[in-house]
Amino acid sequence: MDLDALTAARRAEWARLDELSRTRSLSGAEVDELVDRYRAASADLADAKTSAGRSPQGDHISTMLARARLRLTGAPENVLRQVPRFFALQLPAALYRVRWTTLVIALGFLAVGAVVAFWVSGDAALVAALGNRLELEEYADNQFTDYYSEKHPATFAGTVWTNNAWIAVQCVIFGITGFWPIMVLVQNAVGVGTAAAVMLAFGRGDVFVLYILPHGLLELTCLFVAAAAGLGIFWAWVAPGRRTRGEALAAAGRSLATIAIGLVLWLALAGLIEGFVTAQPWPWPVKIGIGAVALALFLIYMIVVGGRAFRRGETGDLTEYEAGTPTLVAG
């Protein structure tokens, strides 16, 4: 098929389709005409794609068809009907896509934290550089554990939730910079490692582990996922493939930004554990078990539910209908 000949022959019909799809108020006859011209243009698009694949003419027809489709069926969708799809398909698929990056980040975080903890705790001069010995001993004996019980559990849970949610959202939003998620994680790894070093230096390493694990298992995993999502957006900009950088960045931003929304909810669960479980005088196997169950639920959602959604073709991005027509490119 000669696409130039097709364009010349159908230009007037396509122009009429475009005119009808832009008209605010249509009569009954005009609606029927819009439907007929929509079907004819769809056939033209199928012929063009079959003979030449993607082409500027095909993109032009797609744009008109998208506008006409919105004109015919563009009634606002009830947001409540979109919620099940978001949680059952979009969010888990987006989480599944960053699973390996999350694992690499987790291993790197643990390595940095462990190096700082054992390096500093093993050198008396470095420990002394952290502060007065009596103050450090007071921190190890009382302040570290008192931190989890000095406020009302609900207030404390809300505080740590909003703080961690803000950090996670920053990692995703500013991930395009390439360095922000790494900077945030390194700072947190050094901070955790330094706290562990003080506890180890005064023989309280077991207390550090027991107080961190109940909430930290899920909390830190969520931060690792947020960093992975942010770096995924950065990589889409660096290596867009056959798409333009704008298209790749828009798709990655839409799909991976859903992770920020989901992590806010998972971090709420971590905050509840930190506020209502960590400081309780319960047996440690119970408290750590609660944290382990929370992490297991997250991983099942991420890997099992997300894997199933991903294999169905979900990426976490909006559908083509929701996202709109892609940017047209020549050639």
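Ala, Val, Leu, Ile, Met, Phe, Trp, Tyr, Cys and Pro count as nonpolar, Asp, Glu, Lys and Arg as charged, and the others, Gly among them, as polar. By that division, the lining of the largest cavity holds four nonpolar, no polar and three charged residues.

The model is predicted, and local features need pLDDT of at least 70, side-chain atom pairs count only at pLDDT 80 or more, and totals for chains, interfaces and linings use all residues. Residues are numbered from 1 along each chain as its sequence is written, and side-chain values use heavy atoms, with hydrogens and water left out.

## Cavity and pocket

Both terms rest on a 1 Å grid over the protein atoms alone: a cavity is a set of points where a 1.4 Å probe fits but cannot get out, while a pocket is an open set with protein on both sides within 12 Å along at least five of seven lines, and lining residues have an atom within 4 Å of a point. Grid points are joined across faces, edges and corners, and a volume is the space filled by probe spheres set on the points.

A search of the whole structure finds one cavity of 30 Å³ or more. The largest cavity contains about 30 Å³ of space. Its lining is made of Glu13, Trp14, Leu17, Arg37, Ala40, Ala41 and Asp44. Helices α1 (3-22) and α2 (28-52) each supply at least two residues of this lining, and α2 gives the largest share, four residues. Helices here are DSSP runs (H or I, at least four residues), numbered from the N terminus.

The largest pocket has a volume of about 1300 Å³. It is lined by 47 residues, of which Phe109, Val192, Ile212, Gly216 and Leu220 are the closest to its centre. At least two lining residues come from each of α5 (99-121), α7 (133-146), α8 (153-173), α9 (180-201), α10 (205-238) and α12 (284-311). The largest share, 13 residues, is from α10. The pocket lining divides into 31 nonpolar, 13 polar and three charged residues.

## Aromatic rings

A pair of aromatic rings is described by the distance of the centres and the angle of the planes. Rings of Phe, Tyr and Trp (its six-membered ring) pair if their centres lie within 6.5 Å; planes under 30 degrees apart count as stacked, over 60 as edge-to-face and the rest as tilted. The whole structure has 17 aromatic pairs.

Why is the pair of Phe86 and Phe87 edge-to-face? The ring planes of Phe86 and Phe87 stand at 90°, with the centres 5.0 Å apart, so the pair falls in that class. Tyr147 and Tyr148 also form an edge-to-face pair, at 5.0 Å centre to centre and 80° between the planes.

The members of these two pairs can be sorted by accessibility: buried means under 20% relative accessible area, exposed over 50%, and partly exposed in between (1.4 Å probe, protein chains only).

| Residue | Relative accessible area | Class |
|---|---|---|
| Phe86 | 14% | buried |
| Phe87 | 35% | partly exposed |
| Tyr147 | 38% | partly exposed |
| Tyr148 | 6% | buried |

One aromatic cluster is formed by Tyr139, Phe144, Tyr147, Tyr148, Phe156, Phe208, Tyr211 and Trp284. Tyr211 also has a charge over its ring: Lys287 lies over the face, at 5.5 Å from the ring centre. In a like arrangement, Arg99 lies over the face of Tyr96, at 3.8 Å from the ring centre. A charge sits over a ring if NZ of Lys or CZ of Arg is within 6 Å of the ring centre and within 35 degrees of the ring normal.

## Cysteines

How many disulfides does the structure hold? The number is zero, a disulfide being a pair of cysteine sulfur atoms within 2.5 Å. Cys171 is in no disulfide, and the nearest cysteine sulfur, that of Cys222, is 12 Å away. Cys171 is buried, because its relative accessibility is 1%. Cys222 is buried too, at 0% relative accessibility.

## Two further residues

Thr278 lies in the loop between α11 (245-276) and α12. Is Thr278 buried or exposed? At 0% relative accessibility, Thr278 is buried. Thr278 and Tyr211 are 67 residues apart in sequence, and their C-alpha atoms are 6.1 Å apart in space.

Ile167 belongs to helix α8 and is buried, at 16% relative accessibility. Between Ile167 and Arg71 there are 41 Å in space, C-alpha to C-alpha, and the two are 96 residues apart in sequence.
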